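Biologist: I would like to go through this structure with you piece by piece. Please show it first.

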Amino acid sequence: MENRNIRYRLYPKSRDRAELLKQCLGATRFVWNHFLGENREQMQRHREDASQPKPNISFFSLGKEFIQLRNRTDWLRELPCAAIRYTLKYQADAWQQCFHSGKGFPQFKSKWYDQDSVSFPMGSFKITGNSLFLGKIGQVVLSGSNPYPQGEPRLVTITEAGGKFWATVCYTVEVVPKNANGKMVGIDMNVGQYATSTGDIRHVPEVQKLEAKRRRLQRKMARRQGPNRQRGQQPSTRYLVVKSQCAKISRQLANIKSDWQHQESRRLANQYQYVVVEALSVKGMTKSAKGTVAQRGKNVKAKSGLNRSILATGWSGFKLKLAYKSSVIEVAPNYTSQKCNACGYIDKENRKTQAKFTCVACGHSGNADVNAAFNVLALGTQAIGHGGRSQGGT
């Protein structure tokens, strides 16, 4: 069994139900900020004075405190208890991440700059076909191009974007049998494209016009935001209008990228049982080049543009979509772009340009990305021979 998230458009069917959903979204933000403020103050007092008790921030303890808050708050009692309380599970998880990663306290949520969501756990909803029943809200309708899987729904998360409601349903479904034809392909992921060991080069959709329009709107947002705005302060109506326009374009870009990734991953999964990819550290590759005050970075503007292009390609999302459709083998990316797949000679002079590969030892030439894909495939074949361990170049 595995979990599968499917996103649907949600239609409340009446203004009253739409208003109730908006109240639920606002209530989750209120509950999050209320308990976060109390726990941050208590944690700060404990750090200053060790004799002060630590806050009890488990989901069980926060849930008990929420029931007390709900009993003395009239408007909270009119909303679904389990759904509003479930936001404290995310806060408990955020506190645990704070302790283990040292990233600092969880942050407060803003009505104007953060997207609210409300999650209905099992027992607080029921799905029949395209009909969704939510406790204390009523019947709503789900609509979308995704099928309704034959599985058990475990969680429904509702958000609002652009004046529309969306529902993400987490199903527990049976593992779908993957392709078992024994074929293997290696792919080299590059900025804006990927190349396969069969010589095929697939490009991401052209979205330069949409990205340019979003950048213009972002600059307009910055001008209307003003230099002295503080977080939590209500922005101007002019700013919110542009923010809504910018968010619409961002959703279009995300949908285009996600659709391309799904189609390409499905195409590969239908043809091959094993797909070999490089274990790239996207976080490290997109690290800022600004440096420090004492030691300034170099080529900061060029590196920033490269980082945007890498993130826009969506390597991590592409690999995630491949993982549940086919068997993915990750290999170390060391020297895959400098190694000749014909003779095995490694030299940075082999790749004098971005697109052309010419081996200085044997004279083999061809597309640089396809050559790298052949090397990735060879490493994947070696990894299978070593029991599935990723083996990199030296």
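Modeller: Keep in mind that this is a predicted model. We can start with the largest pocket, which holds about 1400 Å³ of space.

Biologist: Which residues lie nearest the centre of the largest pocket?

Modeller: The lining of the largest pocket counts 37 residues. Those nearest its centre are Asn5, Arg7, Asn146, Ser258 and His262.

Biologist: Which element gives the largest share of the lining of the largest pocket?

Modeller: At least two lining residues come from each of β1 (2–11), β7 (164–173) and α6. The largest share is 13 residues, and the element that supplies them is α6.

Biologist: How far apart are the end C-alpha atoms of helix α6?

Modeller: Helix α6 covers residues 237–271, which is 35 residues. At 1.5 Å a residue it should span 51 Å. The model agrees with this, because the end C-alpha atoms are apart by 52 Å.

Biologist: Which residues of α6 are buried?

Modeller: A residue counts as buried when its relative accessible area is under 20%. In α6 the buried residues include Tyr239, Val242, Cys246, Ile249 and Leu253. Further along α6, the buried ones are Trp260, Gln261, Glu264, Ser265, Leu268 and Ala269.

Biologist: Which strands stand at the edges of the five-strand sheet?

Modeller: The sheet is open, its pairing is mixed, and its order is β10-β9-β8-β11-β12. An edge strand has a single partner, so one of its sides is left without a neighbour in the sheet. The strands in that position are β10 (201–203) and β12 (327–331).

Biologist: What is the average twist from one strand to the next?

Modeller: The twist is taken between each strand and the next one in the sheet. Its average is 25°.

Biologist: In which sense do β11 and β12 pair, parallel or antiparallel?

Modeller: Strand β11 covers residues 274–278, and five bridges join it to β12. Within this pair, glutamate 278 stands opposite valine 331 of β12. The sense of the pairing is parallel.

Biologist: What angle does the direction of α9 make with that of β8?

Modeller: Helix α6 touches β9 (193–196), β10 and β11, and its direction makes about 5° with that of β9. Helix α9 (residues 315–323) touches β8 (184–190), β9, β11 and β12. Its direction makes an angle with that of β8 of about 160°.

Biologist: Which elements give two or more residues to the lining of the largest cavity?

Modeller: The structure has two cavities of 30 Å³ or more, and the largest has a volume of about 40 Å³. Its lining is made of Met189, Gln193, Tyr194, Trp260, Thr313, Gly314, Trp315 and Phe318. The elements that give two or more of these residues are β9 and α9.

Methods:
Residues are numbered from 1 along each chain as its sequence is written. This is a predicted model: local features need pLDDT of at least 70, side-chain atom pairs count only at pLDDT 80 or more; totals for chains, interfaces and linings use all residues. Side-chain values use heavy atoms; hydrogens and water are left out. Helices (H or I, at least four residues) and strands (E, at least two) are DSSP runs, numbered from the N terminus. The expected span of a helix is 1.5 Å times one less than its number of residues. Buried means under 20% relative accessible area, exposed over 50%, partly exposed in between (1.4 Å probe, protein chains only). Two strands pair if DSSP finds at least two bridges between them. Axes are lines fitted to C-alpha atoms, for helices over the stretch in contact, and angles run from 0 to 180 degrees between N-to-C directions. Contact means heavy atoms within 4.5 Å. On a 1 Å grid over the protein atoms alone, a cavity is a set of points where a 1.4 Å probe fits but cannot get out, and a pocket is an open set with protein on both sides within 12 Å along at least five of seven lines; lining residues have an atom within 4 Å of a point. Grid points are joined across faces, edges and corners, and a volume is the space filled by probe spheres set on the points.
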